[in-house]
Structure formats: structure tokens, C-alpha cells
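Please walk me through this structure in plain terms. I would like to know about its pockets, its backbone and its charged contacts.

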Amino acid sequence: MTAAPSSVRPPLPPFTEESARAKVQAAEDAWNSRDPERVSLAYAEDSAWRNRDRFLTGRAEIRAFLADKWERELEYRLRKELWAYTGNRISVRFAYEWHDASGQWWRSHGNEQWEFDAAGLMRRREASINDIPIEESDRRL
């Protein structure tokens with residue numbers, strides 16, 4: 001029998017610079033796993049997302065969104081950087097690269113605002129993202 005995943009996700013708010021950086025690194029590591037189940041466990045059961053023009057609510061929708069994303073965004077590789085933090089909020093800037101099924105490479109970049117509950121689960125995520133086509137030789141990540 002497998003134990004249920006912990007409902008506490010350290011580091012916990014209120015964030016210090018060190019704990020905010022650790023939270024950002026943990027998110028980068030999880031997203032680079034491209035494992036929708038692993039990534040979804042960082043979000044509250046009723047987490048609310050805005051991702052570009054999509055609005056999602058809850059882990060199940062997030063998990064399905066991520067599974068679809070990584071079926072389309074092949075060889076996905078992400079870098080996140082702490083932008084600001086206070087209390088239970090963190091802001092990051094990010095860039096990721098991937099290619100589509102036709103072989104076209106893309107660099108996607110943007111900003112995210114995160115809000116966490118007392119258990120360190122993300123209860124809100126707002127993401128603004130732009131995509132630019134790149135040549136494979138222009139990859140940086």
C-alpha cells in the first residue's frame with residue numbers, strides 16, 4: 001500500500017529570500033520532469049489557474065492540462081527565476097523551449113504570480129506567456 005502524498009509542501013509561507021528561491025527551484029525541477037501527477041501535487045485541490053487565455057480549477061483539470069501540454073510541447077526544458085516575494089506570494093519570470101510535432105522549435109517566456117496556502121500548496125497561479133519561433137541552433141536551455 002502506497003502512502004498518500006503529503007498535503008504539506010515546504011517551504012511554507014511567509015517566505016524569506018532563501019525559502020522563496022527554494023520554492024522556485026522545486027517548481028522548476030518538478031516541471032522539467034514533465035510528470036503531470038508529480039507537478040499537480042504542488043497545487044491545492046481547488047487551485048485556480050490562469051494560463052494564457054485558459055482558466056482552470058482544481059488538481060484534476062491541472063493534471064489533464066499538463067498531460068496535454070507535454071504531449072504537444074516535445075523536449076520541453078524550463079528555467080525559472082525568482083522575481084519578487086512577500087508573505088505568501090512569489091513572482092517569477094521564466095523561459096522554456098520545446099518543439100512541436102513538425103520539428104519547429106519555440107521559446108516561450110513570461111511571468112507567473114503564485115499565491116500559497118498555509119500548507120505551502122499553490123492556491124492561485126496567474127501566467128502570462130509569449131511564444132517565439134526559433135531555430136534549433138538558437139536553443140539556450
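How do the residues of the lining of the largest pocket divide into nonpolar, polar and charged? There are 11 nonpolar, 1 polar and 3 charged residues in that lining. Here Ala, Val, Leu, Ile, Met, Phe, Trp, Tyr, Cys and Pro count as nonpolar, Asp, Glu, Lys and Arg as charged, and the others, Gly among them, as polar.

The model is predicted, so local features need pLDDT of at least 70 and side-chain atom pairs count only at pLDDT 80 or more, while totals for chains, interfaces and linings use all residues. Residues are numbered from 1 along each chain as its sequence is written, and side-chain values use heavy atoms, with hydrogens and water left out.

The largest pocket holds about 220 Å³ of space. Of the 15 residues lining the largest pocket, R9, K23, A26, A27 and A42 are the closest to its centre. A pocket is an open set of points on a 1 Å grid over the protein atoms alone, where a 1.4 Å probe fits, with protein on both sides within 12 Å along at least five of seven lines; lining residues have an atom within 4 Å of a point. Grid points are joined across faces, edges and corners, and a volume is the space filled by probe spheres set on the points. Helix 1 (17–33), helix 2 (36–40) and strand 5 (105–116) each supply at least two residues of this lining, and helix 1 gives the most, with 5 residues. Helices (H or I, at least four residues) and strands (E, at least two) are DSSP runs, numbered from the N terminus.

The second largest pocket has about 160 Å³ of space. Its lining has 17 residues, and those closest to its centre are N51, R52, F65, K69 and Y96. This lining divides into 7 nonpolar, 1 polar and 9 charged residues.

The backbone comes next. In the segment before helix 1 lies P11, which a cis peptide bond joins to P10, with omega about -5°. P14 is also found in the segment before helix 1; a cis peptide bond joins P13 and P14, with omega about 0°. R52 is not a glycine, yet its phi is positive, about 60°. R52 lies in the loop between strand 1 (43–51) and strand 2 (54–57). E75, in strand 3, has a positive phi of about 55° although it is not a glycine.

The charged contacts remain. The structure holds 16 salt bridges, each a side-chain nitrogen of Lys or Arg within 4 Å of a carboxyl oxygen of Asp or Glu. One of them pairs E28 with R79, the closest N and O atoms being 3.5 Å apart. This pair links distant parts of the chain, since E28 is in helix 1 and R79 in strand 3, 51 residues apart. E28 is buried, at 8% relative accessible area, whereas R79 is partly exposed, at 35%. Buried means under 20% relative accessible area, exposed over 50%, and partly exposed in between (1.4 Å probe, protein chains only).

E115 forms a salt bridge with R89, the closest N and O atoms being 2.8 Å apart. E115 lies in strand 5 and R89 in strand 4, so the pair ties together parts that are 26 residues apart in sequence. E115 also forms a salt bridge with R123, at 3.1 Å between the closest N and O atoms.
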